[in-house]
Amino acid sequence: MGEVSYKAGISNCASSNWPDAEQSLRRAYELHPDSAKRELAHQRILLIRKRATGHTLSEWTSVGRDCQNCKLTPSLYNCARCPRYGEGMSEAQRVRIDMLAPIIDELWVPAAYRSGYDKDRANPFSRLLRLAKNGKGKKSSVVLGHMLADYIGQEVRHLRTKVDIVLSVPTSQDRLKLRGYSIPELMVSSLAVRFCWPTFPNVLTLSRIVQETRGLSRQLKEQILADAFNVARPDMVRALNVLLIDDIMTSGTTLRFAALALRQYRPLAVYAAVLAHTESTWHWGDSAE
């Protein structure tokens, strides 16, 4: 009875049937024999109630434009791609759903990021991400999380019925100190409220100090990240569907090692959603700029 109620609660959350979801989850919290699922059910109940206040969703409900004759639903994701008011966000072209299989069951990335070395680096979306990376975009990180939620709700709807818990890829202490915030954590906070997905701090952590890997070869990244991740709460991974969230990926090395740490505790599945993939317009033979 507890598992049936737990699954019914997830299904009702996925269809935005919040009253029935809360009722089912309350039964799961009272009856489920698995303490982890009781805790997850309770977390969903709290998120449903938080969602009901309305103010937590103001970042995305007030931003989508409502242009006449537009055939798309107004949303941060749709409006960000639209070129009507400037250069639109480009879609990621070099990522496949199975790019990191079998370690990650499904990988989803909506946007392309142009690094500071790219000739198209000045596009608005990439500039916004760099501001967040440089410690000047705490509020925008929350909004970017809502944009990723728009993408999932629109293009990857089946995830809503599968995810038991959503986790951010941990940020190193030096970057936390430099920025004052973790971009993936802020994005997860948006996703959690939007879909009532449970999340807990410090489930996936860094086991040691990790140096900056940006710009390094894949081989060096693998040496640095090997055994860098630790699962502090295996009960929040074992036999569950886990969704990993990160802001930018290039080779996928960080995601792969984070997922490998989770795989030690036999989750049902590990999914990943990343806001942007680093893609370049530069090719060998191009003149230096």
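The legends below describe several close-up views of a predicted model.

Local features are reported only where pLDDT is at least 70 and side-chain atom pairs only at pLDDT 80 or more, whereas totals for chains, interfaces and linings use all residues. Residues are numbered from 1 along each chain as its sequence is written, and side-chain values use heavy atoms, with hydrogens and water left out.

**View 1. The protein has 11 helices and seven strands.** Helices (H or I, at least four residues) and strands (E, at least two) are DSSP runs, numbered from the N terminus. Of the 289 residues in the protein, 51% are buried; buried means under 20% relative accessible area, exposed over 50% and partly exposed in between, with a 1.4 Å probe and protein chains only. Among contacts with a separation of 6 or more, 71% are accounted for by residues 24 or more positions apart, a contact being heavy atoms within 4.5 Å.

**View 2. Helix α2 comprises residues 18–31.** This helix of 14 residues reaches 20 Å from its first C-alpha to its last, close to the 20 Å expected at 1.5 Å a residue; the expected span is 1.5 Å times one less than the number of residues. Trp 18, Ala 21, Glu 22, Ser 24, Leu 25 and Ala 28 are the buried residues of α2. Their cover includes α1 (2–14), α3 and α9. Ser 24 counts as buried because its relative accessibility is 5%. Beyond neighbours within four places in sequence, Ser 24 is in contact with Ser 5, Ala 8, Gly 9 and Asn 12.

**View 3. Helix α3 (residues 35–52) packs against α9.** The angle between the two helices is about 85°, and their axes are 8 Å apart; axes are lines fitted to C-alpha atoms, for helices over the stretch in contact, and angles run from 0 to 180 degrees between N-to-C directions. Helix α3 is therefore roughly perpendicular to α9, a term for angles of 65 to 115 degrees, with those under 35 counted as roughly parallel, those over 145 as roughly antiparallel and the rest as oblique. Arg 44, Leu 47, Lys 50 and Arg 51 of α3 meet Ala 192, Val 193, Arg 194 and Phe 195 of α9. Four of the residues in this contact are nonpolar, none is polar and four are charged.

**View 4. Ser 182 lies in the loop between α8 (173–179) and α9 (183–195).** Ser 182 counts as buried because its relative accessibility is 4%. Its contacts, leaving aside neighbours within four places in sequence, are with Thr 171 and Leu 176. The side chains of Ser 182 and Thr 171 are joined by a polar contact of 2.9 Å; such a contact is a pair of N or O atoms within 3.5 Å, of which, within protein, one must be able to donate a hydrogen and the other to accept it, and residues adjacent in sequence count only if both atoms are side-chain atoms.

**View 5. Cys 196 and Asn 202 have positive phi values without being glycine.** Most residues other than glycine have a negative phi. Phi is about 55° for Cys 196 and near 65° for Asn 202. Cys 196 is buried, with a relative accessible area of 0%, whereas Asn 202 counts as exposed at 56% relative accessibility.

**View 6. A cis peptide bond joins Ala 101 and Pro 102.** Omega of this bond is about 0°. Pro 102 lies in the loop between α5 (76–81) and β1 (106–108).

Note on methods. Ala, Val, Leu, Ile, Met, Phe, Trp, Tyr, Cys and Pro count as nonpolar, Asp, Glu, Lys and Arg as charged, and the others, Gly among them, as polar.
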